[in-house]
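Please look over the sequence and the structure below before reading on. The paragraphs that follow go through them part by part.

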Amino acid sequence: MKGMKGAALLSAVLLALVLMPASAPAQEYRDLKPSPPLFLRGEGSFFIDGYTQPIAAKYISPSAFASDAGNSMTNQMYVQYQKPLEKQHKYPLVIVHGCCLSSKSWQTTPDGRMGWDEYFVRRGFDTYLTEQVSRARSGFNALQYQKVLVGDAPPSSNPAILIATDAFAWSVFRWGDFSTLTPYSDEQFPMNTVGVGPGSTLTFYNQVIPDLNSTLPNVTPGCADGTCTPSSPSATYSTPASMATLANDLKGAILMGHSQSSGYPTMAALQPGSEGVRGIIQLETGCFSNLTAADIDILKHIPILIVVADHFTTPQPTPPCVEEMQQINGAGGDMTFISLPAIGIYGNSHMMMLDHNNLQVADVIIDWIDRHVK
Amino acid sequence: MIFAALITASPLLYVATVTTFGCTSIDEITKLQSIRLERKAFQTELYEQIFDGQCVEIARGTLVEGSIEIRNSSMLLVDRQIEPPGFEAPLRDFKLKPTGGKK
């Protein structure tokens, strides 16, 4: 239970929390839609441990506090959870967001409707939202930037920060033609939150934040002086490693990633010492065509679901997904591919969790869980 | 084959000599290599692959754990020990880090 050290777990206490719209998180208060009371038996937050690194006096800003040189916690992963009053599923759901976003992606939609976090709780899942390591409320390693600031490293050595723009969002989220702000005719994303139509806002873009993933270490402490030895989860601090720790702590969990993080559940399952991943849900790809026989031997015991939405210009599933499905299913595993248009659900964007029919898409996932995760 | 297996069983440290990339698919690496000189097309493809979690950028000077890919000796399998199943990357963009006799 290392990762839950310090957690405010209230499982022994039955809580009836009524979350009325007035207290629900959203970016535009006026847009909040009413929803019935939500009854919980627990809620809280905690961190999966990071590691401490020494910070020399010269790297403390402002320098007036240089005498406070010491150790600083780095790359810890923030987790928040809600547990429904009546748990209806064996395993909890652990969800991680994609590039340039945070766990806000799963909460109230930019136009004020119910997000997936609340919906999964209402459908009886213990639901855990995680922030990727180095993003939002999780920790990140700022030391390199300080080294550049004081001249101990060249500016070119700073890790790149990924900044997503509106133009990029229109392209990769598959909304339509950015040059004319014309969405697809059947687009399900709430386009009035990205500047389309009279009275529209730019509310969605409040969710888009800089991505500092390139600050994460490629080489772990203890692996930097010549030859590598296999790492243990406790020696690494990436998001997949922290998700593996969380799944272990929970004694079993279904992991769901999206886009940039769509491969993280698989990577978590393959971490040394990982034994808690009971289901993998990867939204919009996350496939691997570089799996070893040992990897497949692990993954064939874990049900895997791939979900893709509409308006792709390239064939789906992608070649890596075809290859992985052949490998996993050929080994006796259970890997499912669902294209939403193929089952009659049209117009969804890359951000299907925020689309107008987001709860319908969530039902597709819940139905798969009920039939495949035992 | 036996030699390759021995190599993959003993990951070593490599240094990226240029800013490069790693992907979960050899085919994607091959595709990116084929358009590498077409700056805009290359950056667009790489950016989208990074966004989708299929590739990562590896900055020049980055130290990675790596082993020669058994299926394609022009590829380096990067960070398999740290983040399995790891990423494929163009071997020619890396040099082996001298160990200095340390174990």
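**A walk through chains B and A**

In chain B, 64% of the contacts between residues at least 6 apart in sequence join residues at least 24 apart. The model is a predicted one. Chain B has three helices and seven strands, which run along the sequence in the pattern α-β-β-α-α-β-β-β-β-β. This chain has 103 residues, and 44% of them count as buried.

Turn now to chain A and its helix H4, residues 239–249. Ten of the eleven residues of H4(A) are buried, so this helix is largely enclosed by the rest of the structure. The buried residues are Thr239(A), Pro240(A), Ala241(A), Ser242(A), Met243(A), Ala244(A), Thr245(A), Leu246(A), Ala247(A) and Asn248(A). After H4(A) comes Lys251(A), with a positive phi near 60°.

In soluble globular proteins, nonpolar side chains tend to be buried together. The largest nonpolar core here holds 97 residues, and those touching the most other members are Val94(A), Ala247(A), Ile254(A) and Leu255(A). Leaving out residues up to four places away in sequence, Val94(A) touches Met243(A), Leu246(A) and Ala247(A), and also Ala253(A), Ile254(A), Leu255(A), Tyr128(A) and Thr130(A).

How confident is the prediction for chain A? Its mean pLDDT is 88, and 87% of its residues reach 70 or more. Over residues 1–26 of chain A, the pLDDT is below 50, and this stretch has 44 contacts in the model beyond near neighbours in sequence. Residues 224–235 of chain A also have pLDDT below 50, with 37 such contacts in the model.

Terms used: Residues are numbered from 1 along each chain as its sequence is written. Chains are lettered from A and ligands numbered from 1 in the order in which they are written. This is a predicted model: local features need pLDDT of at least 70, side-chain atom pairs count only at pLDDT 80 or more; totals for chains, interfaces and linings use all residues. Helices (H or I, at least four residues) and strands (E, at least two) are DSSP runs, numbered from the N terminus. A residue is buried if 20 or more other C-beta atoms lie within 10 Å of its own, exposed if 12 or fewer, and partly exposed in between; C-beta atoms are placed from the backbone. Two residues are in contact if their C-beta atoms, placed from the backbone, lie within 7 Å. A nonpolar core is a set of buried Ala, Val, Leu, Ile, Met, Phe, Trp, Tyr and Cys residues joined through C-beta atoms within 7 Å. pLDDT is the predictor's confidence in each residue, from 0 to 100.
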